[in-house]
Amino acid sequence: MKVSLFTTCLGELFYVDVLKDTTEVLERLGCEVDVPEGQICCGQPSYNSGYKKESIGPAKHMIETFENADYIVSPSGSCTSMFREYPKIFADEPEWAERAKRIAEKTYEFTSFIVNVLGVEDVGAEFHARVTLHTSCHMTRLLGERDSHYRLLSHVKGLELVKLPNNYDCCGFGGTFSVKMTPISEQMVDEKIRHIEETKAEVLVGADASCLMNIGGRMRRLGKPVKVMHIAQILNSHQEEEAAHHANESRKSTVL
Amino acid sequence: MPMKVGNLPFFEGVDKAISNTYMVNAVSSAQDGLREKKLKATVGDETLGDWEEWRRAGEEIRQFTLNHLDYYLKQLSDNFAARGGHVYFAQTVEEAQNYVRKIVRSKNAKNIVKSKSMVTEEISLNEALEAEGCDVLETDLAEFILQVDKDRPSHIVVPSVHKDRRKVREAFQKLGYSGSDEPKELAAFARKTLREKFLHADVGITGCNFAVADTGSICLVTNEGNANMVTSYPETQITVMGMERLVPSWKELDVLVTLLCRSSVGQRLTTYVTDITPADQTDTVDGPKDFHLVIVDAGRSRALGTEFQPALQCIRCAACLNVCPVYRHIGGHAYGSIYPGPIGAVLSPILGGYKEYGKLPYASSLCAACTEACPVRIPLHELLIKHRQKYVAGAGHPQTGEKIAMKAFGIGAKSPFLFKAGMKMAPIFLKPLVHDGSISKGPGPMKPWTHGRDLPAPSKENFREWFKKHQAEAGNPPTTVNADGSRSEAK
């Protein structure tokens with residue numbers, strides 16, 4: 001199965017490890033991965049801030065770049081949901097709306113793709129830790145993907161999954177919201193961290209790097225010992241030593 | 001100014017709210033409680049069937065009614081008048097105030113009792129009548145508490161959600177109350193005080209949950225029974241309704257009352273659902289002798305036929321407030337509008353303009369919890385984005401720096417060359433700021449982020465270079481995408 005990886009700008013800028021793990025997991029599951037060279041940002045930051053005109057160029061460019069892909073897969077619920085929004089952006093340009101629709105239909109979030117398209121729940125990973133999961137807003141409410149990540153984690157050997165209280169509440173990222181409404185955003189992330197601590201988890205896992213950057217960045221500032229990992233990193237872990245190494249490595253190399 | 005709550009600029013209001021941990025705790029625990037109740041009464045109630053189907057029905061009814069609003073308003077008006085009632089269409093807040101004032105003056109009324117109504121808050125009716133020398137009494141328990149305490153509602157359905165019983169006791173002490181903070185005792189005191197007033201009321205004023213066009217009736221959905229007192233003691237009744245709050249017939253009313261009760265407070269049905277019509281007809285034995293219906297536009301028609309029309313679908317259940325993480329942390333007063341929360345952030349700029357309420361659409365992380373909770377499927381978070389579009393296109397005053405940055409983004413984000421160059425340069429430019437793998441003090445646009453959070457250091461490794469090597473190791477030639485979208489081997 002041919003998969004074109006939609007890397008996301010946050011991924012390329014901060015989380016190269018996550019992209020590597022995403023690639024390797026997909027390849028291990030038999031996918032032929034390619035990385036379309038022309039890809040850039042999906043335009044979500046400007047679109048959500050009200051700058052629609054400024055978002056149309058990036059959106060058209062992304063449509064052209066990914067048009068020939070069989071499947072488009074991204075390790076981010078949020079960026080995936082932006083691709084799914086594209087048809088709405090082009091309400092006034094029917095031809096582009098049609099092209100946008102075709103893109104939207106073949107775009108999948110990473111965990112959703114593994115479970116719903118590849119039909120795999122056990123990727124053969126092993127990771128020994130007490131883990132809690134942050135289910136992001138765009139993943140659950142905009143994409144309607146509510147359980148792929150749970151299913152995948154439930155098959156990871158050695159992993160103890162603890163439910164995060166109030167998991168439905170936003171972590172306070174919200175793109176430009178985090179810098180425009182900083183005081184409110186900080187209250188939201190602090191409550192999220194209180195809930196994470198209640199679970200006594202060693203690792204917080206999520207499938208959206210943006211939320212993890214927010215929660216992880218705040219935890220790091222507050223000196224909290226909880227490790228923050230992207231689900232691709234967990235799914236690409238094979239044995240205890242390597243997993244521990246993996247977690248430490250990413251902890252050091254990024255705020256994740 | 002009508003609609004306005006408090007006089008603090010938005011961010012000062014937010015700071016004040018955040019530092020009030022007492023209020024924040026009251027609001028968040030109310031949210032958690034209401035969420036549980038709502039889930040039980042909606043998706044968790046098997047007797048109801050598919051909740052999503054109910055929502056779709058609610059949406060369809062509201063959209064249909066709005067699309068034929070002129071027809072049904074005429075029908076409502078004709079039927080209400082045919083039963084002997086008086087209908088007045090108020091285009092502005094002032095017109096609504098003036099009409100009510102005129103009625104009150106003509107009756108030489110001094111004692112006015114009110115049941116809970118958001119639209120009368122919106123048009124500052126109490127202030128207008130008090131200026132006439134009237135004694136206006138809020139008879140809904142929560143509204144009564146706020147009135148005694150000179151406070152304003154912070155929630156559409158549970159107006160005193162920011163107070164607990166200790167605060168209620170403190171408020172009642174202003175009326176000479178000396179009892180405990182036991183809810184039963186507090187309620188008994190309120191009841192005694194209110195009953196006295198009901199007996200001497202000249203005019204009763206209510207809001208309107210729904211008006212039924214084909215019978216000319218007004219439907220009030222309440223739990224305390226005070227609205228029934230307000231509408232049965234005084235000889236004169238004035239009902240104030242937002243112009244969009246009507247349904248074609250009782251068949252649609254059934255669906256909307258079901259959605260309202262279950263979504264707002266998690267009840268299958270509230271204690272009272274009261275439908276009243278003007279009294280001088282043969283089959284009515286009691287009720288007000290002189291019944292006035294004031295239908296208020298006050299900016300609503302500005303949304304009709306526009307991309308903001310879905311905002312008028314709202315049935316004021318406050319389900320969106322009850323799930324909003326922003327409302328959870330700042331409460332209602334910080335919004336500075338009588339309509340707070342997600343629906344408030346959508347409605348307030350429509351009714352009160354961007355100058356006053358233009359920041360509210362930004363007070364959302366676009367998490368879409370509101371959209372998911374709305375029983376009539378208003379795409380709330382999408383409407384917030386549409387407001388932002390208006391704001392930056394000239395309705396408001398976005399910062400110049402932001403405008404320039406977004407323009408630059410619009411150019412940079414469609415150029416793969418600039419994008420790749422940026423990805424390569426970032427680790428080099430930001431290197432001086434990186435300490436121990438992250439940035440804790442960022443300049444310029446990074447400053448608000450690093451106020452309370454660390455920013456990761458850009459990855460030193462370049463993913464695309466890694467990927468090329470990775471493919472070469474695996475024996476796959478790296479592919480590239482050509483201008484026409486086709487793939488070929490990278491050179």
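# Questions about the model

Me: Where does Asp140(B) lie?

Reply: Asp140(B) is in the loop between strand 3 (135–138) and helix 8 (141–148) of chain B. Helices (H or I, at least four residues) and strands (E, at least two) are DSSP runs, numbered from the N terminus. This is a predicted model, in which local features need pLDDT of at least 70, side-chain atom pairs count only at pLDDT 80 or more, and totals for chains, interfaces and linings use all residues. Residues are numbered from 1 along each chain as its sequence is written, chains are lettered from A and ligands numbered from 1 in the order in which they are written, and side-chain values use heavy atoms, with hydrogens and water left out.

Me: Why does Asp140(B) count as buried?

Reply: Buried means under 20% relative accessible area, exposed over 50%, and partly exposed in between (1.4 Å probe, protein chains only). The relative accessibility of Asp140(B) is 11%, so Asp140(B) counts as buried.

Me: Which residues does Asp140(B) touch, not counting those up to four places away in sequence?

Reply: They are Lys114(B), Lys116(B), Pro159(B), Glu224(B) and Asn226(B). Contact means heavy atoms within 4.5 Å.

Me: What lies 3.1 Å from a polar atom of the side chain of Asp140(B)?

Reply: The backbone nitrogen of Glu143(B) does. A polar contact is a pair of N or O atoms within 3.5 Å; within protein, one must be able to donate a hydrogen and the other to accept it, and residues adjacent in sequence count only if both atoms are side-chain atoms. At 3.1 Å, the pair is within the limit and counts as a polar contact.

Me: Why does Gln233(A) count as buried?

Reply: The relative accessibility of Gln233(A) is 0%, so Gln233(A) counts as buried. Gln233(A) is in helix 13 (residues 231–235) of chain A. A polar atom of its side chain lies 2.8 Å from the backbone nitrogen of His230(A).

Me: How do you know which strands of chain B pair with strand 4?

Reply: Two strands pair if DSSP finds at least two bridges between them. Strand 2 (residues 111–114) of chain B has three bridges to strand 4 of chain B, in the parallel sense. Strand 7 (residues 236–242) of chain B has four, also in the parallel sense. Ile205(B) in strand 4 of chain B stands opposite Lys114(B), and in strand 7 of chain B the bridge partner of Ile205(B) is Ile238(B).

Me: What makes both faces of strand 4 of chain B count as covered?

Reply: Strand 4 spans residues 203–206. Val203(B) and Ile205(B) on one side, and Gly204(B) and Thr206(B) on the other, are all buried.

Me: What is the order of the four strands in the open sheet of chain B?

Reply: The order is 8-5-6-9, and the pairing is mixed. Strand 8 (246–247) and strand 9 (272–276) of chain B each have a single partner strand, so they stand at the edges, with one side of each left without a neighbour in the sheet. Strand 6 (residues 217–222) of chain B pairs with strand 9 of chain B in the antiparallel sense over five bridges. Thr222(B) stands opposite Tyr272(B) in strand 9 of chain B. Thr222(B) is also 82 residues from Asp140(B) in sequence, yet 9.1 Å from it in space, C-alpha to C-alpha.

Me: Why are the buried residues of helix 4 of chain B said to be on the same side?

Reply: The buried residues are Leu69(B), Tyr72(B), Leu73(B), Leu76(B), Ser77(B) and Phe80(B). They cover an arc of only 135 degrees around the axis, which puts them on the same side of helix 4 of chain B. The arc is that of the directions from the helix axis to the C-beta atoms. An α-helix has 3.6 residues a turn, so residues three or four places apart point the same way. The face turned away from the buried side carries the exposed residues Asp70(B), Tyr71(B), Lys74(B) and Ala82(B).

Me: Why does Ala298(B) count as buried?

Reply: The relative accessible area of Ala298(B) is 10%, so Ala298(B) is buried. Phi of Ala298(B) is near 45 degrees, a positive value in a residue other than glycine. Most residues other than glycine have a negative phi. Ala368(B) also has a positive phi, near 70 degrees, and is buried at a relative accessible area of 3%.
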